[in-house]
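Me: I have not looked at this one before. Could you take me through it step by step?

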Amino acid sequence: MNEPLTPCRWAALAAPKVAPAIGTSTVLILGRIWNANGAEHSAGNAVLMVALAAGAATAGAFAAAGHGGGDGVLAGTAFATSGALALAGVAGYADGWSLPILLWAVATAVAYGIAARHWRTDRRTTLTHHRRTEVRREDHAHIERIEALRAGAQIEAARAGAAYAEQLATALITRATLPGYNPHAINRAGLPELPSVDLKHDQ
């Protein structure tokens with residue numbers, strides 16, 4: 001049964017989907033604000049942003065090529081920082097909106113492509129965990145059913161044995177009260193030895 005989506009839950013589910021667009025849009029807006037405050041055609045600012053973007057990309061390359069296969073999270077963060085700095089630099093240095101908007105669209109598409117890969121991995125991991133949990137639950141339920149059947153069979157066997165013993169005891173008591181009862185005849189017939197009864201003493 002699906003639970004109704006509350007506004008908070010809906011926002012929590014939608015936040016990861018819009019995060020890449022919000023991130024690139026924020027960088028674009030900050031770059032254009034920087035442009036309006038004197039960064040347009042400033043060679044010094046352009047050189048600074050190129051240096052920062054190149055440094056972040058280099059750090060990402062070193063992180064990706066590190067020992068043991070590298071650190072994927074650190075490398076991804078460094079490359080994302082490099083792209084954001086490059087976009088901010090172009091948005092701040094360029095004249096007009098055409099090139100910044102183009103780079104924003106490309107950066108947003110790349111961000112969603114990378115995010116989609118992580119979303120698929122997370123979804124696959126979640127489904128695998130859910131399936132394993134269901135398998136374990138079914139195994140435990142099957143074991144519990146078998147144990148319940150076994151316990152029920154043992155209880156029924158014990159009840160049957162107790163009922164048989166009670167009936168046998170009742171039959172022996174009833175037979176002993178009948179006239180002409182001879183326990184030695186039963187012993188000669190090969191039946192288990194019964195305790196001797198002193199009929200004369202009982203009389």
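Me: Thanks. Let us start with arginine 117: is that residue buried or exposed?

Reply: Arginine 117 is exposed, because its relative accessible area is 61%, and the cut-off for exposed is over 50%. Please bear in mind that this is a predicted model.

Me: Where does arginine 117 lie?

Reply: Arginine 117 lies in helix H4. It also belongs to a positive surface patch, together with Lys17, Arg120, Arg123 and Arg124.

Me: Which helix gives the most to that positive patch?

Reply: That is helix H4, which spans residues 98–176 and gives 4 residues to the patch.

Me: What about nonpolar surface, which residues make a patch there?

Reply: Leu99, Leu102, Val106, Val110 and Ile114 make a nonpolar surface patch of about 450 Å². Leucine 102, one of these residues, is found in helix H4.

Me: Let me step back. How many helices and strands are there in the chain?

Reply: The chain has 6 helices and 0 strands. Along the sequence the pattern reads α-α-α-α-α-α.

Me: And what share of the chain is buried?

Reply: Of the 203 residues in the chain, 14% are buried. The accessible surface of the chain is about 15200 Å², and carbon and sulfur atoms account for 66% of that surface.

Me: What share of the contacts join residues at least 24 apart?

Reply: The share is 62%, taken among contacts between residues at least 6 apart in sequence.

Me: Now threonine 24: buried or exposed?

Reply: Threonine 24 counts as buried because its relative accessibility is 10%, and buried means under 20%. This residue lies in helix H1, which covers residues 7–39.

Me: Which residues does threonine 24 touch?

Reply: Leaving aside residues up to four places away in sequence, threonine 24 touches Leu87, Trp104, Ala107 and Thr108.

Me: Changing topic, how many salt bridges are found in the whole structure?

Reply: A search of the whole structure finds 3 salt bridges.

Me: Which residue does arginine 137 meet in a salt bridge?

Reply: The side chain of arginine 137 meets that of glutamate 134, at 2.7 Å from N to O. Both residues lie in helix H4, 3 residues apart, or about one turn of the helix. Arginine 137 is partly exposed at 45% relative accessibility, and glutamate 134 is partly exposed at 30%.

Me: And arginine 150, why is it about one helical turn from glutamate 147?

Reply: Arginine 150 and glutamate 147 are separated by about one helical turn because they are 3 residues apart in helix H4. Their side chains form a salt bridge of 3.4 Å, N to O. Arginine 150 is partly exposed at 46% relative accessibility, as is glutamate 147 at 41%.

Me: What is the salt bridge of arginine 159?

Reply: Arginine 159 forms a salt bridge with glutamate 156, with an N to O distance of 3.4 Å. These residues are both in helix H4, 3 residues apart. Arginine 159 counts as exposed at 53% relative accessibility, whereas glutamate 156 is partly exposed at 46%.

Technical notes
Residues numbered from 1 in each chain as written. Predicted model: local features only at pLDDT ≥ 70, side-chain atom pairs only at ≥ 80, totals over all residues. Heavy atoms only, no water. Patch = residues over 30% accessible without salt bridge, like charges linked within 9 Å, V, L, I, M, F, W, Y side chains within 5 Å. Areas by Shrake-Rupley, 256 points an atom, 1.4 Å probe, with all protein chains shown as cover. Salt bridge = Lys/Arg side-chain N within 4 Å of Asp/Glu carboxyl O. Lys, Arg positive; Asp, Glu negative; His and termini not counted. Charge placed at Lys NZ, Arg CZ, Asp CG, Glu CD. Helix = DSSP H or I, 4+ residues; strand = E, 2+ residues; numbered from the N terminus. Buried < 20%, exposed > 50% of the residue type's maximum accessible area, 1.4 Å probe, protein only. Contact = heavy atoms within 4.5 Å.
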